[in-house]
Amino acid sequence: LKPVFWQVSADQGDYLDHLALVTNEPEFHMVLSTLRWWLPHVVVQGTLPQQLEKDPVVLRLEGISLTARDIELLGDEQCLNDSVLDFFLKLAVDLVAPEHLKGDLYVASTFFYQKLTAGGVENGEAGWQNVRRWTRALPHGLLGQRFVVVPINEQNIHWWLAVVCHARHALEPVDEAALGKAPRIVCLDSAQEPPLKNRTVAFLRGYLWKEWCERHPSAMSEEGTLDKVSGLVNLQAIAADVPKQANSFDCGIFIIEYLLHLLRSKTALAGLGLAAHKHWFGQASVSYRRTRLKWIANLLQHQAKRLGETDVNRLLQEPKVRRAVAMALTELPRKALADKASLVVSKLKRSSASPEAGDAKKPKTEAT
C-alpha cells in the first residue's frame, strides 16, 4: 500500500495550528472526508490522489474555505455560517471597496469576537490576550484604521454587524470637530426586535482600550486611568436605524448587504449612525443578493473545475470572471431600481415645487 503524506493548517485563532497525517491511499478518501467534516476551515496542502479529482471543489480565498456544503446554505430559507460570511465579506472588500478606502478599513473574521470573549473572560481587556496576534499585520493595529467592521453572532442563531468608527479619536483627541469623524460604535442589526448590545459594546471598548495601552504604555499610569474613563465614554454606542429582515433566516445576507452598501456609497460610512438608514435597500434586494451570491459560488466552482485551480484570487485574474463577480455583488433587482427611480422623481418634484427650484442642484441618488 502506498502511503500518502499530507499536512493540514488551520486559520488564525483556532487551537489547532498544524497537523501532519500519514495514511494509506485506499483509506485517504474516508480520512479526508471525515477531517473536512470535523474541521471545515482547514487548508490541505500536498498532492491529492487521482481518485479524489471528482470530489466537490473547495474554493480558497486567503485562508477561507468554501465547500459544497457551505454553498448549499445560499439556497432559499437557509441561514449562513461563518465560512460563507467570511468568504463574501472578503470578496466584497476586494472587488467593491474603492482603493482609497481599503487602507482605512478592516473587516474582522467572524471568529474574532467569538475568540475575544472565549475562555470565560469577564471583559474586553482580558479578552485582548485571546486575539492579541490577530491584527499584528496592521502597522498600527486596529486603532490605525478609520473603520473596523466586526461580525457578531448572537447565541449561534443571529448575525449582526458592529462598525467601529474613528476609535483613535476617543483616546487621542484631535482638532477636527467634524460630526462624521466622531468616535462611535455603530450597531447594524436586521432583527425586528434586536437584542441588547451593552455586553458586546463593553467588550469592544475594553479591547480597544487594552490595544491602546499596549501601544502607549504611559496610558497605564494613574493619570491614564482618567483618560480611559473619558475616552471610553467618548466612544459612544449607536443602534443604527437600518433595513430590517422580513423573515427568520436572512440575517447573514443582510450584513453582507450592509457592507456592500457602505462600500458603494460615497457618503454612507461618514454619516453612519448619524441619520436614519432604512432607505438604503429593502427585503427584495437582499433576497435577490442571495441568488447572486449562489451564482457567484457556482461560477467560481465551474472555473475551478475547468482550470484545475481552487485559489479564488487566481481565478479572478481572468478579467471576464472578475467583472462578472463584481457585477453580481453590486447589481440591483428591477424592483429596487424602480423604487430608486421613483425616489429620484419624488425629489425632483419636491425640488421644483420649492421657491429656490431655479437654483437647485441636480439631486444625488447616492444613499447616505
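A residue counts as buried when its relative accessible area is under 20%. The model is a predicted one. By that cut-off Cys187 is buried, because its relative accessible area is 4%. The points below take the cysteines, then the sheet, then the helices and one arginine.

**Cysteines**
- Cys165 is buried as well, with a relative accessibility of 0%.
- A disulfide is a covalent bond that links the sulfur atoms of two cysteines.
- The number of disulfides found here is zero, where a pair of cysteine sulfur atoms would have to lie within 2.5 Å.

- An open sheet is built from five strands, in the order 6-7-8-9-10, and its pairing is mixed.
- The edges are strand 6 (105-107) and strand 10 (236-239); each has a single partner strand, so one side of each has no neighbour in the sheet.
- From one strand to the next, the twist averages 20 degrees.
- Strand 7 (residues 147-154) and strand 8 (residues 158-165) run antiparallel and are joined by eight bridges.
- Within this pairing, Ile152 is opposite Trp160 of strand 8.

**Helices across the sheet**
- Helix 3 (residues 82-96) lies across strand 6, strand 7 and strand 8, and its direction makes an angle of about 160 degrees with strand 6.
- Helix 10 (residues 251-264) lies across strand 6, strand 7, strand 8 and strand 9 (184-188), at about 25 degrees to strand 8.
- From its first C-alpha to its last, helix 10 reaches 20 Å, close to the 20 Å expected for its 14 residues at 1.5 Å a residue.

**Arg289**
- Arg289 is part of helix 11 (residues 283-307).
- Is Arg289 buried or exposed? Its relative accessibility is 0%, so Arg289 counts as buried.
- Beyond its neighbours within four places in sequence, Arg289 is in contact with Ile253, Glu257, Leu260, Arg264, Ala328, Leu329, Thr330, Glu331 and Leu332.
- A polar atom of the Arg289 side chain lies 3.4 Å from the backbone oxygen of Leu329.

Methods. Residues are numbered from 1 along each chain as its sequence is written. This is a predicted model: local features need pLDDT of at least 70, side-chain atom pairs count only at pLDDT 80 or more; totals for chains, interfaces and linings use all residues. Side-chain values use heavy atoms; hydrogens and water are left out. Buried means under 20% relative accessible area, exposed over 50%, partly exposed in between (1.4 Å probe, protein chains only). Two strands pair if DSSP finds at least two bridges between them. Helices (H or I, at least four residues) and strands (E, at least two) are DSSP runs, numbered from the N terminus. Axes are lines fitted to C-alpha atoms, for helices over the stretch in contact, and angles run from 0 to 180 degrees between N-to-C directions. Contact means heavy atoms within 4.5 Å. A polar contact is a pair of N or O atoms within 3.5 Å; within protein, one must be able to donate a hydrogen and the other to accept it, and residues adjacent in sequence count only if both atoms are side-chain atoms. The expected span of a helix is 1.5 Å times one less than its number of residues.
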